[in-house]
Amino acid sequence: MSKQKIWTPSRRTILQGMGASVAALSAPSIVRAQSAGTVKVGFITPATGPLALFGETDGFTVDQIRDALGGRIETAAGTYDLEILVRDGQSDPNRAAEVAADLILNDEVHMLLPASTTDIINPAADQAELFGVPCLSTAAPWQAIVFPRGGAEQPFQWTYHFFWGLDEALNTFVGLWNSLETNRNVGMLFPQNADGETWGNTDYGLPSPTQAAGFQTNMPGFFQPRTNDFSSIISSFKSFNADIVGGITYVDDLTTFVNQCAQQGFHPKAITVAAALLFPSGIEALGDLGVGMSSEVWWTPAFPFQSSITGQNSRAVADAWEAETGRQWTQPLGYSHAIWEVAIDALKRSTNPLDREANRDALRATSMQTLIGPVDFGTGPHPNVSTTPIFGGQWVRGERWPFELKIVDNTVNPLFEPEQAMVPLPWSV
Amino acid sequence: MHWIDGIVQGVLLGGLYAQYALGMALMFGVMKIVNVTHGDLVVLLALIGISLANVAGLGPWAVLATLVPIGAALGWLLQRALLNRVVGDDPLPSLIATFGLSIALQNAMLVIWSADTRSLSGGGIQQASIALGPIFVGVLPLIVLICATVLTGGLDAVMRYTRFGRSLRAASADVEAAAMVGVNPRNVYAAATAIAVGILGFAATFQAMRSTVAPADGPFQLIYAFEAVIIGGLGSIWGAFAGAMILGISQAIGFRISPGFGILAGHLVFLAVLAIRPQGIFQRKA
């Protein structure tokens with residue numbers, strides 16, 4: 001803890017620390033005879049702000065985990081009390097760094113879990129690396145966590161991440177398109193922002209594996225987000241005779257684009273985009289035209305694996321969410337659960353759960369099966385990374401909800417069979 | 001044909017912007033108020049409309065018929081409760097008041113409707129189009145353009161030929177002189193804002209049908225309304241319509257040069273007008 005001296009606390013962190021101490025003092029003390037101490041885990045999630053859709057499953061899952069464990073954890077070194085400290089990162093990198101430092105220095109957590117999205121993970125992981133706290137994160141393509149923080153030159157000492165990578169997402173798109181009978185002409189749709197420029201990069205973005213797989217590509221250019229008129233891009237795709245449209249867009253732009261495709265008489269066989277099609281609310285905004293849209297899949301209730309904490313399968317986890325919230329399951333739910341499986345598994349194997357270094361060593365040695373598939377830091381593309389399965393999916397009319405996401409392609413990770421075959425968009429047949 | 005198609009799509013886009021611009025031009029012309037909540041009111045009305053469609057099962061035209069009176073009532077209330085207190089020779093108090101209201105409205109909408117992106121089902125009309133040779137004209141954009149033209153013509157006629165229009169113009173020209181001859185400026189102002197926000201009922205319905213709305217979208221709509229009004233000449237009704245057309249066509253031509261250039265092209269035209277003819281294209285020099 002000698003490093004603490006070099007850190008100058010701000011007024012806000014002191015006030016927060018005081019608030020936390022008051023809360024701790026006023027909490028009823030539970031006497032537990034056999035407990036060897038209290039293991040503290042700090043959990044940061046974007047509960048509010050523009051990334052709130054990614055964080056909404058986190059809070060629910062923490063409650064589930066608390067119920068399942070009953071505030072105790074059996075480890076290799078004996079039984080400990082488990083305290084989970086949840087903080088809202090407010091979708092803001094500065095705020096995420098602040099609560100991470102607060103959790104590390106004032107609450108003295110033994111492990112830090114910045115749950116999802118690069119805006120929360122990167123600043124929190126930097127704090128963990130600086131102060132020497134084991135840190136586990138997920139739900140963001142691993143390249144976006146490793147490369148901006150200099151992980152390419154030197155592996156990290158304390159931060160570990162499990163998720164699929166951009167290259168695998170791109171190959172999933174190609175896998176989806178290979179499963180359809182088309183003229184192999186792909187029109188590419190990218191916005192003029194950080195995501196669009198990564199996905200649209202001709203060296204490492206979507207055009208590269210697409211061309212390598214024998215597709216012809218047409219890229220009219222990057223469009224500005226919230227464009228009101230896509231007719232120039234559509235006319236370019238039409239003259240290219242594109243059977244497929246692929247890329248990354250957000251819900252508002254995709255809705256405008258798809259409506260204008262219909263107006264302009266452009267009826268491709270597949271529209272496969274990242275981001276916009278992740279959440280059910282996005283597909284509902286498209287209305288009837290949402291049927292048959294395709295994208296990458298992180299997790300669905302069709303995953304055949306079981307939770308190592310609760311023993312539930314994916315369907316049961318999704319049902320519990322739907323029963324409690326009255327809302328349709330979303331893809332981050334599986335990862336909200338899995339991050340706790342990996343963290344609890346590491347603490348259980350730790351030789352001393354009150355020692356950050358012992359927890360880090362246990363985390364590094366992780367090799368397990370979770371709700372979203374295997375996690376193993378020994379086999380990843382980078383020493384701090386474990387890659388997780390990704391599939392190709394297609395939205396179809398649902399029974400319980402207006403739309404449901406079905407797995408239709410497994411070329412990147414043949415862990416299990418797809419639920420059904422990809423079909424062309426209804427307007428093209 | 002490429003460029004003719006561009007101009008046709010640009011005119012259709014201009015119709016959309018004209019609906020945004022009309023109310024703003026009216027409010028500025030009569031009261032010298034720049035209403036920063038303009039875009040947020042579009043989003044608010046659209047979200048109310050989407051909720052009505054979901055709860056009461058209203059179709060898009062029934063939503064439109066409900067939103068226009070709701071908008072008019074909102075506008076009347078806005079003017080009576082807030083803007084009448086800040087209107088005056090100094091444009092700053094009203095600017096600050098509407099700016100604050102804009103932030104409050106966005107957050108209130110976030111609490112009520114959450115950050116989800118929503119749209120209004122048009123029952124297929126938003127995908128329909130008419131083929132004119134090789135050019136496809138969308139039915140919904142065409143309806144938007146016709147509505148915008150009729151609204152502009154109607155508003156202009158009201159301003160020119162009715163007693164109410166005369167009192168509006170009188171209050172605009174010299175509010176004290178108008179008050180001396182029996183015009184109650186507060187009533188006139190409230191009616192003007194009611195009309196301006198009522199027109200946004202059209203913009204809200206069509207925006208929710210053609211694309212999506214989310215609570216934070218307002219400022220993105222505001223900017224086009226603002227540019228159209230400036231290009232056309234502050235406060236001129238047909239000027240705002242023409243400004244919207246110029247903006248739409250410049251964007252559509254820009255999109256055809258490069259998809260990333262369209263919106264910038266619109267901004268460049270706006271800046272060029274500000275530099276060369278700051279009073280606007282259709283405004284006589286004061």
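In the predicted model, 29 residues of chain B are in contact with 30 residues of chain A, two residues being in contact if their C-beta atoms, placed from the backbone, lie within 7 Å. On the side of chain B that touches chain A, two or more residues each come from helix H1 (2-31), strand E2 (135-138), helix H10 (237-257) and helix H11 (262-276) of chain B. Helices (H or I, at least four residues) and strands (E, at least two) are DSSP runs, numbered from the N terminus. H1(B) gives the largest share of this side, five residues. By class, this side of chain B holds nine nonpolar, 15 polar and five charged residues; Ala, Val, Leu, Ile, Met, Phe, Trp, Tyr, Cys and Pro count as nonpolar, Asp, Glu, Lys and Arg as charged, and the others, Gly among them, as polar.

Residues are numbered from 1 along each chain as its sequence is written, while chains are lettered from A and ligands numbered from 1 in the order in which they are written. As the model is predicted, local features need pLDDT of at least 70 and side-chain atom pairs count only at pLDDT 80 or more, whereas totals for chains, interfaces and linings use all residues.

Chain B has 11 helices and two strands. Its radius of gyration is 19 Å, close to the 19 Å that the globule rule gives for 286 residues, so chain B is as compact as a globular protein of that length. The radius is taken over C-alpha atoms, and the rule is 2.2 Å times the number of residues to the power 0.38. The C-alpha trace of chain B spans about 60 × 50 × 35 Å along its principal axes. Of the 286 residues in chain B, 54% are buried (20 or more other C-beta atoms within 10 Å of the residue's own, C-beta atoms being placed from the backbone).

Chain A has 14 helices and 16 strands. For its 429 residues a compact globule would have a radius of gyration near 22 Å, and the 23 Å of chain A agrees with this. Its C-alpha atoms fill a box of roughly 75 × 40 × 35 Å, taken along the principal axes. Buried residues make up 54% of chain A.

Within chain A, Ala346(A), Leu347(A) and Arg349(A) in H13(A) meet Asn359(A), Ala362(A) and Leu363(A) in H14(A). By class, this contact has four nonpolar, one polar and one charged residues.

Terms used:
Buried ≥ 20, exposed ≤ 12 C-beta atoms within 10 Å, placed from the backbone.
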